[in-house]
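Please walk through this structure with the text beside it. The paragraphs start with the sheet and then turn to side chains and backbone details.

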Amino acid sequence: MPVCHQVFKAMGSPCELHLHGPDAAETRRVAASVIADVQRLERRYSRYRDDSLTSAINRVAAVAGRCEVDAETAALLDYADTCYRESDGLFDITSGVLRRAWTFENACAPEPEAIAALLDRVGWDRVVWKRPFLSFGRPGMEIDFGGIGKEYAADRAAALCLDAGIRSGLINLGGDVRVIGALPDGDPWRIGIRDPERPETLLGGVLMTGGALATSGDYARFLRIDGRRYGHILDPRTGWPVLGLVSVSVIAASCLVAGSLSTIAMLKGRAGIEWLHSLDVPHLWIDADGGRGGAGVFADLLKTPG
């Protein structure tokens, strides 16, 4: 069966598609449509683009205004609202404004006064969300779809492939992975899991024939101050990096769910370990001391690391 392998960059991350289809030209067309859709979502939801929808909303938020959003954005806001409530306020799409203090470009923590000043502009509970209108309770607030945007794009990509008749494929958007069926010979896909202490190496891999795998970790951006590691995942209640876990991987039916569960577990710190067990989802956690644990298909990885 012909394979189409496409490598591209989107949403600040290396991305790739492996699609198997009965017709080579048609499979290439499907791959092109998937890439175009990922780029469309980046244009809409990137916080780095002045012409994005997110930037337009944040210009309204800056003056504590009110705006109307389209159905696709409303669905994302509904999901963010659910994550906020299910995480007891830890998963908060208004917390991105804290990055103004935490740049991770200097080997020192920001001044506490700078963090305290920004915390006054954080809080989904200060936003009134009633479809299709979004109102901000404080001037200077922002929203950021970064915690769910790439995962949503991966799920959209899988849906486009399935609608086009692709029954074997792998979509990898910067480590957020969706699997479409087995390989054409019936074998599962092997998905590598990075070692957070040595990101250029793998701890091992898991075998998948469907669903999604997402990893949340601080190995890409962190500071080490006085021997303590401070990652880029920030607690919206304190404005400081969460401590305890350095990486969490979760497997779920959709990338959106896998990604939000792994992020919420990171935000919970070591309490995230018990929380993941209570959910009974396949997962892997690694703590700041190199300890690791998990459940489901990660069992073999835990037995034979490396």
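Two strands count as paired if DSSP finds at least two bridges between them. Strands (E, at least two residues) and helices (H or I, at least four) are DSSP runs, numbered from the N terminus. The model is predicted, so local features need pLDDT of at least 70 and side-chain atom pairs count only at pLDDT 80 or more, while totals for chains, interfaces and linings use all residues. Residues are numbered from 1 along each chain as its sequence is written, and side-chain values use heavy atoms, with hydrogens and water left out.

By that rule, strand β13 (residues 245-252) and strand β14 (residues 283-287) are joined by five bridges and run antiparallel.

In an unreviewed entry, UniProt lists residues 242-267 as "transmembrane region"; its positions are given in the numbering used here, feature names are shortened, and annotations may be inferred rather than shown by experiment. In the model, this span is 50% helix and 31% strand, and its end C-alpha atoms lie 6 Å apart.

How many aromatic pairs does the structure hold? There are two, counting rings of Phe, Tyr and Trp (its six-membered ring) whose centres lie within 6.5 Å; planes under 30 degrees apart are stacked, over 60 edge-to-face, and the rest tilted. Tyr45 and Phe145 form an edge-to-face pair, because their planes are at 65°, with the ring centres 5.0 Å apart. This pair links distant parts of the chain, 100 residues apart: Tyr45 is in helix α1 and Phe145 in the loop between β5 (133-136) and α5 (149-163). Buried means under 20% relative accessible area, exposed over 50%, and partly exposed in between (1.4 Å probe, protein chains only). Tyr45, at 8%, is therefore buried, and Phe145 is buried at 2%.

Trp102 and Trp240 make an edge-to-face pair, with 5.1 Å from centre to centre and 75° between the planes. Here Trp102 is in the loop between α3 (71-86) and α4 (112-119), and Trp240 is in the loop between β12 (228-231) and β13, 138 residues apart. Trp102 is buried at 3%, whereas Trp240 counts as partly exposed because its relative accessibility is 30%.

Another ring, that of Phe133, has the charged end of Arg66 over it, 4.0 Å from the ring centre; the criterion is NZ of Lys or CZ of Arg within 6 Å of the centre and within 35 degrees of the ring normal.

Some backbone details remain. The peptide bond from Arg131 to Pro132 is cis, with omega near -10°, and Pro132 lies in the loop between β4 (127-130) and β5. Ala64, although not a glycine, has a positive phi of about 55°. Its place is the loop between α2 (53-62) and β3 (66-68).
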